[in-house]
Amino acid sequence: MVKILWVDDEVELLKPHLLFLNQKGYEVDTCNNGYDAIDMASEVAYDLIILDEMMPGMTGLETLPKIKEVRPTTPVIMVTKSEEENIMNKAIGSKIADYLIKPVNPNQVLLSIKKNVHQQQLVTEQTTADYRSEFGRLATSLQMADTFQDWCSLYRRLTGWEIELDGSTDPSVKEILSYQKNEANQAFSKFVRRNYYDWINRRADDTPIMSHTLMRSAIFPVVEEQSKTTLLLIDNFRYDQWRAISSMLRGYYDVAQDDFYCAILPTATQYARNAVFAGLMPLAIDRLMPNKWLNDNEEGGKNQYEEEFLRRLMAQSGKTWKMTFDKLVRPEQGRKLVENIRRVYDADFSVIVYNFLDILSHARTETDVVRELTENEAAFRSLTRSWFEHSDLYTILKLLAEKGHTVIITSDHGTIRVDNPVRVTGDRETSSNLRYKTGRNLQYNAREVYEVQRPEDIQLPSGNLSSSYIFAYNSDFLVYNNDANRFVRYYRNTFQHGGISMEEMIVPYIVLKPKQQAKR
């Protein structure tokens, strides 16, 4: 039973309220002064305290901080006859849960109690009911999805429900959503398998914007229209993570476009990000600039020429904008960019590549503490939001808003939590990525992977003449038979990328217009 303490110097006038609340199943204790209230709150863990502001001796505002000392998390509803703004400000500044003006009727009190004591339960019940009614419509959309845009719409809706249910205490409905998302990813994998060759070779009328066409099709047109544009590419950034941080940018930007593009395979930095900046598929990069492409089995950095690729693409496209390019991998690089933000202000087109989320994903694999902090998708979103709130990146975005910069936020690929091992064998030179493999003599069950025996068919380079590629579906991860059990234990429930899933391939593309620009 919910226990409530009601503090009012006119306790005898509360009898109708107390009778009403007792009938609703609440147990209510009363007292008529602040001193007794503090003692009673110290002795009993009340679920809620209703506190009159105007009491002789110790006022409600004087009693409130002393109650908070002994019960800092107990919600307090302040009741007062006064509507003076300074009293309201003081009460709200003291972190009251609600504020009621006398005379109050029983239903007002009940509504405030429900809001502050039962909110979690009520939200869970309503959200669960809403999702259950939406379940059938989502299932129909899944069956009918026939284009990349259909899948983007479905992914957006599933992600929205995932976030809505973050606060739910009903494990069964979360399990149903997880099953439905898994089913969607299985169907999406089949959809990609049917269409990917035609997309890459421009044989389909409904080919989506992809990594190698993103700059020319989506980014350059925005830069052309705006006097100052910043492209922020956050490695491993997914749509749910955008949703996690978007509210923090609401005071600085309006969302002009909230869309998606399709990452190429493999959904890995070496391939997808180079394709974004070069405006070319990996095979074309290898053929045109062989000294700037390293295959998986070759030693050396795989993303060393991104700025050079972009400048080449701009020159080919006739773009003469003043451009800056910053790649932030270590925290001190972010602080340095804040200190030197003037160079970004002065550019027509500034590019910032931010690698933190990629580092966080790998840290989760390798560090037990980070694993505990990100035990599920909701926790990973929460950690993303916490990181962003205290990051130099947030500072940079606020500074850019002040200067009227349009900002494009996107990624080169997403990431997925893997849980189902799929066994493969290969030789010593086979790539190590868990979501795709390339090399010679690969052995696998062809029904469990998307196999590409001729890499040039999907515009990928070969390490040698007999190399092939395989890609993992959904939440699968590829493991070798040697010491497989240890390998599975280590990598299960970690975040990986390189394969085929909605999370990896459906990449958010967000255009933000600064609010101060709209005022001018």
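Okay, let's start with two residues: Phe220 and Trp321 are both buried. Keep those two in mind, because a pair of aromatic rings is described by the distance of the centres and the angle of the planes. Here, Phe220 and Trp321 sit edge-to-face, with 5.4 Å centre to centre and 70° between the planes. And where do Phe220 and Trp321 come from in the chain? Phe220 belongs to helix α9, while Trp321 is in the loop between α13 (306–316) and β8 (323–328), so this pair links distant parts of the chain, 101 residues apart.

One thing to say before going on: what you're looking at is a predicted model.

Let me step back to the whole chain. Of its 520 residues, 52% count as buried. The secondary structure comes to 22 helices and 18 strands. If you take a box along the principal axes, the C-alpha atoms fill roughly 90 × 55 × 40 Å.

Back to the rings. How many aromatic pairs does the count come to? It comes to 28 aromatic pairs. One of them is formed by Phe191 and Trp199, edge-to-face again, at 5.5 Å centre to centre with 65° between the planes. Phe191 and Trp199 are both buried too. There's also a cluster that ring pairs link together, made of Tyr271, Trp293, Tyr436, Tyr450, Tyr469 and Phe471.

Tyr271 takes us to helix α11, as it is one of the buried residues there. Why do I call α11 largely enclosed by the rest of the structure? Because 10 of the 10 residues of α11 are buried. Just after α11 comes Gly279, with a positive phi of about 65°.

Pro266 lies in the loop between β7 (253–262) and α11 (269–278). The peptide bond from Leu265 to Pro266 is cis, with omega near -5°. There's another cis bond to find, from Lys102 to Pro103, also with omega near -5°. Pro103 is in the loop between β5 (98–101) and α5 (106–117).

Next, two asparagines. Asn236 has a positive phi of about 70°, although it is not a glycine. Asn441 has a positive phi as well, near 55°. Both are in loops: Asn236 between β6 (229–234) and α10 (239–246), and Asn441 between β13 (436–439) and β14 (449–452). So which one is buried and which one is exposed? Asn236 has a relative accessibility of 1%, so it counts as buried. Asn441 is at 57%, so it counts as exposed.

Last stop, the surface. Asp146, Asp150, Asp205 and Asp206 form a negative surface patch. Let's pick out Asp205, in the loop between α8 (171–200) and α9 (214–225). Is Asp205 buried or exposed? With a relative accessible area of 87%, Asp205 is exposed. And α9 is where we came in, as the helix that holds Phe220.

Notes:
Residues are numbered from 1 along each chain as its sequence is written. This is a predicted model: local features need pLDDT of at least 70, side-chain atom pairs count only at pLDDT 80 or more; totals for chains, interfaces and linings use all residues. Side-chain values use heavy atoms; hydrogens and water are left out. Patches are made of residues with over 30% relative accessible area and no salt bridge: like charges are joined within 9 Å, nonpolar side chains (Val, Leu, Ile, Met, Phe, Trp, Tyr) within 5 Å. Accessible areas come from the Shrake-Rupley method with a 1.4 Å probe; for residues, only the protein chains shown count as cover. A salt bridge is a side-chain nitrogen of Lys or Arg within 4 Å of a carboxyl oxygen of Asp or Glu. Lys and Arg count as positive and Asp and Glu as negative; His and the chain ends are not counted. The place of a charge is taken as NZ of Lys, CZ of Arg, CG of Asp or CD of Glu. Helices (H or I, at least four residues) and strands (E, at least two) are DSSP runs, numbered from the N terminus. Buried means under 20% relative accessible area, exposed over 50%, partly exposed in between (1.4 Å probe, protein chains only). Rings of Phe, Tyr and Trp (its six-membered ring) pair if their centres lie within 6.5 Å; planes under 30 degrees apart count as stacked, over 60 as edge-to-face and the rest as tilted.
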